[in-house]
Amino acid sequence: MSQDFLFDLPPRRSDAQVTTGNAALVSIDGGEQSFDYAIPAELEAKVAEGSRVRIPLRDKLTTGTVLEVRPASQAGYKHLRSLHSVISERPTLNAKLLELGRWMADYYCATKDSVMRAMLPVAVRANVNKPKEINFVRLLREPTEEEMAALEKSAKRQHELVLQLQEADVPLPQSELNDSALKALLKKFPETPLLSVETGQVERDPYGEDEFIATTPLPLNEEQEKVMEIVLHAVANPTTTKPILLLGVTGSGKTEVYLQAAQRTLDMGKSVLVLVPEISLTPQTVDRFKSRFSNIQKQVAVLHSGLKEGERFDEWHKIATRQCRIVIGARSAIFAPLEELGLILVDEEHENSYKQDSPPRYQGRDVAVMRAKIEGCPIVLGSATPSLESFHNTQRGKYQLVEMKQRADNCTLPLVRVIDMKLEGGKGKHQGPSIISERLRMAIDQRLQKSQQVILFLNRRGYAKSVTCQSCAHVVMCEHCSTALRLHRDEKVLICHICGFRKKSPRKCPACGDPTIFYAGFGTQRVEETLLKIFPKVRMARVDADSMGPSNKLRDTLNAFKANKLDLLIGTQMIAKGLHFPNVTLVGILNADLALHIPDFRAGERTFQLLTQVAGRAGRGEMAGEVIIQTFTPQSPSVQFARHHDFDGFASQELTMRRDCGHPPYSHAVLLSVRSENQEMAKFVIESLAETLSTKLPEGVMMGDPNPSPLERTHNQWRFQLLFRARTVKEITSYLRPILAKERPKNEVILTLDVDPVNFM
Ligand code: ADP
Ligand code: ZN
């Protein structure tokens with residue numbers, strides 16, 4: 001049985017000695033393990049927590065990071081091998097980050113190694129990427145007029161090269177210059193050389209080619225002013241403040257407040273850390289930071305998963321060497337090695353993407369709160385639809401609540417209409433589902449005629465939900481997962497949205513041979529097809545994972561839309577967040593129920609958040625906006641509260657329900673999962689674990705029944721789960737840890753532990 005949490009095994013070794021003095025606990029690069037090594041006297045002064053070291057492992061030398069320096073007597077073994085050498089003396093992680101790491105390992109029941117891997121980018125850990133160096137050509141002095149005239153007459157290319165350098169006014173890469181002309185020029189003036197070639201570092205700036213137009217701070221409105229005052233007071237008095245939850249409706253000017261608060265913090269000589277849910281999905285927020293601080297553009301570091309290792313290495317080092325004082329990034333940016341942190345901002349704090357799905361399975365927002373505490377700096381969590389966890393924390397006095405209820409640019413919140421799709425006709429046998437209601441069709445038509453823009457939202461990519469037989473109701477399933485294959489018309493294949501398995505679409509039912517196969521439900525591709533039938537002339541782009549790919553296409557498409565080169569966007573959650581288009585006056589939500597029927601106690605919360613966020617994309621300019629929500633459950637609280645932009649109403653109803661059921665935030669959950677290709681084995685393990693655990697269940701901890709996961713099988717693996725709840729995480733983990741550590745390994749079974757899980761599938 002493999003576990004990706006809990007404990008590490010010590011190594012076997014032959015050259016070990018009984019050790020006195022200090023030992024270093026070293027996390028080995030690229031592995032799950034950490035071991036103690038004796039620190040030789042001559043290295044004693046150089047080794048500290050966070051140092052990068054070379055160490056012997058079995059019969060080889062390898063590299064690692066020092067987690068802890070402690071008396072050798074406290075090491076697990078009497079006989080320790082010695083550190084070989086120190087790679088970098090400057091600790092890669094400062095003491096505060098190491099403290100944060102220890103907290104994470106403990107709270108999330110993660111190995112120190114997995115925490116270390118999360119905290120340090122591969123490139124930094126492995127120390128393989130060096131800053132990129134190239135040759136530059138520098139003009140050493142201004143040529144005289146005679147020299148230039150002579151060159152122009154006899155050596156055109158050399159003349160040109162000098163002009164090039166004069167014009168650029170900075171050294172130019174040698175590769176951009178004419179080689180033979182350069183060589184000749186270098187020899188030409190032996191007494192007073194004109195040029196020199198120097199080696200220099202270039203930064204791989206992922207935004208190097210973009211231009212950012214400087215923006216100036218807007219005069220704040222009254223609500224913003226009040227929030228600023230509170231935030232700045234916190235920045236000036238960091239030790240006395242609680243985390244601040246900024247509940248501001250979409251378009252209330254939260255980002256403007258972040259920008260100005262960041263500026264003021266920088267002015268005080270401190271650094272700023274900004275977390276956004278996913279950089280690729282929030283390009284506008286990053287651009288706004290880059291623009292506002294474009295006078296000091298190099299001071300803004302951007303960290304996200306789309307960076308190449310070299311780029312990440314450069315950004316990380318710019319931060320560590322204090323060239324960057326402001327960092328904006330997705331989840332893992334919370335580990336940016338900024339010193340003297342003055343303010344942490346977490347935008348869209350309710351977003352699920354702050355939770356990491358693989359070890360150490362941390363919740364970035366909560367880690368941010370902990371980092372703020374360790375750093376002694378204030379933190380602002382902002383959202384139009386805060387998580388109920390954070391909101392509840394304001395109710396019990398752990399966080400401070402500040403609100404902004406008006407839209408900043410004097411716009412009103414959009415009018416929201418709810419369309420009951422049960423009443424929409426057209427669901428005949430071969431007509432397929434009704435995708436666009438009559439009301440929505442008319443509304444789109446009107447906007448297009450007025451040259452206004454439309455966003456349609458549907459959180460399902462592909463063409464159809466499933467391929468189903470009309471006669472025997474057989475659904476074509478993935479061969480590796482317990483889920484229906486989705487039809488993708490573009491590529492004419494069926495694709496599994498979990499494991500990516502592909503298969504040709506059958507012409508007749510694979511079960512009964514009947515040819516009346518039909519495509520149930522709809523995804524973005526089908527919507528696109530339908531719209532083109534209704535509005536043949538519409539300039540439209542589809543924005544989803546299939547159409548956008550990994551490149552800059554999303555940015556380009558959003559820019560084209562902003563520049564009014566497109567009339568309509570149809571997209572998935574890629575267009576749900578943080579986007580601001582003043583000319584969008586209509587937003588249509590095609591199927592509000594998609595997120596509602598997921599077996600998860602947060603389904604209602606997610607739906608409310610999504611509807612409110614998507615609706616917030618409408619009417620962000622001079623013109624009033626309208627939102628049309630299509631749903632089969634018009635009376636559900638999520639739809640109704642979103643319709644009235646009523647977060648308080650939603651929160652109070654939902655929290656009552658959570659309290660009655662003992663769900664978070666009234667408890668903490670820990671999910672123990674078992675998976676294996678061998679179904680019987682997985683089932684056996686979860687059931688015997690449940691039995692063992694139930695006999696030692698402490699008071700205050702509730703254990704559910706062992707059950708198959710809602711997605712019973714993925715990637716060929718059968719999955720089972722066991723849920724624990726208690727008032728605190730500690731009550732659960734301190735009880736589980738020792739018992740699970742004693743579990744005998746069984747082949748083919750993987751155990752995972754997820755603290756504060758957000759995904760129960
Ligand atoms: P949020 O982040 O809350 O969604 P934004 O910061 O994006 O809100 O603001 C919404 C719009 O209002 C933006 O176009 C922004 O430039 C504008 N805005 C923000 N603050 C002000 C202000 N004080 N005066 C005028 N316009 C503002
Ligand atoms: Zn699959």
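Helix H8 (residues 254–267) contributes the most to the shell around ligand 1, with 3 residues. The model is predicted. In total, 17 residues surround ligand 1, and the protein covers 81% of the 560 Å² of accessible area that ligand 1 has on its own. A parallel open sheet of 6 strands is the other topic here.

**Ligand 1 shell**
- By class, the shell around ligand 1 holds 5 nonpolar, 7 polar and 5 charged residues.

**Polar contacts of ligand 1**
- A nitrogen atom of ligand 1 lies 2.7 Å from a polar side-chain atom of glutamine 224.
- Backbone atoms also take part: a polar one of glycine 251 is 2.9 Å from an oxygen atom of ligand 1, and a polar one of serine 252 is 3.2 Å from an oxygen atom of ligand 1.

**Sheet**
- The strand order is E19-E29-E28-E20-E27-E26, with parallel pairing.
- Strand E19 (415–420) and strand E26 (540–543) are the edge strands; each has a single partner strand, so one side of each has no neighbour in the sheet.
- From one strand to the next, the twist averages 15 degrees.
- Strand E20 (residues 453–457) pairs with strand E28 (residues 584–589) in the parallel sense over 5 bridges; glutamine 453 has valine 584 in E28 as its bridge partner.

**Helices across the sheet**
- Helix H13 (residues 438–449) lies across E19, E20, strand E27 (568–571), E28 and strand E29 (626–631), at about 160 degrees to E28.
- Helix H17 (residues 603–615) lies across E20, E28 and E29, at about 155 degrees to E28.

Methods:
Residues are numbered from 1 along each chain as its sequence is written. Chains are lettered from A and ligands numbered from 1 in the order in which they are written. This is a predicted model: local features need pLDDT of at least 70, side-chain atom pairs count only at pLDDT 80 or more; totals for chains, interfaces and linings use all residues. Side-chain values use heavy atoms; hydrogens and water are left out. Two strands pair if DSSP finds at least two bridges between them. Helices (H or I, at least four residues) and strands (E, at least two) are DSSP runs, numbered from the N terminus. Axes are lines fitted to C-alpha atoms, for helices over the stretch in contact, and angles run from 0 to 180 degrees between N-to-C directions. Contact means heavy atoms within 4.5 Å. A residue is near a molecule or strand if one of its heavy atoms lies within 4 Å of it. A polar contact is a pair of N or O atoms within 3.5 Å; within protein, one must be able to donate a hydrogen and the other to accept it, and residues adjacent in sequence count only if both atoms are side-chain atoms. Accessible areas come from the Shrake-Rupley method with a 1.4 Å probe; for residues, only the protein chains shown count as cover. Ala, Val, Leu, Ile, Met, Phe, Trp, Tyr, Cys and Pro count as nonpolar, Asp, Glu, Lys and Arg as charged, and the others, Gly among them, as polar.
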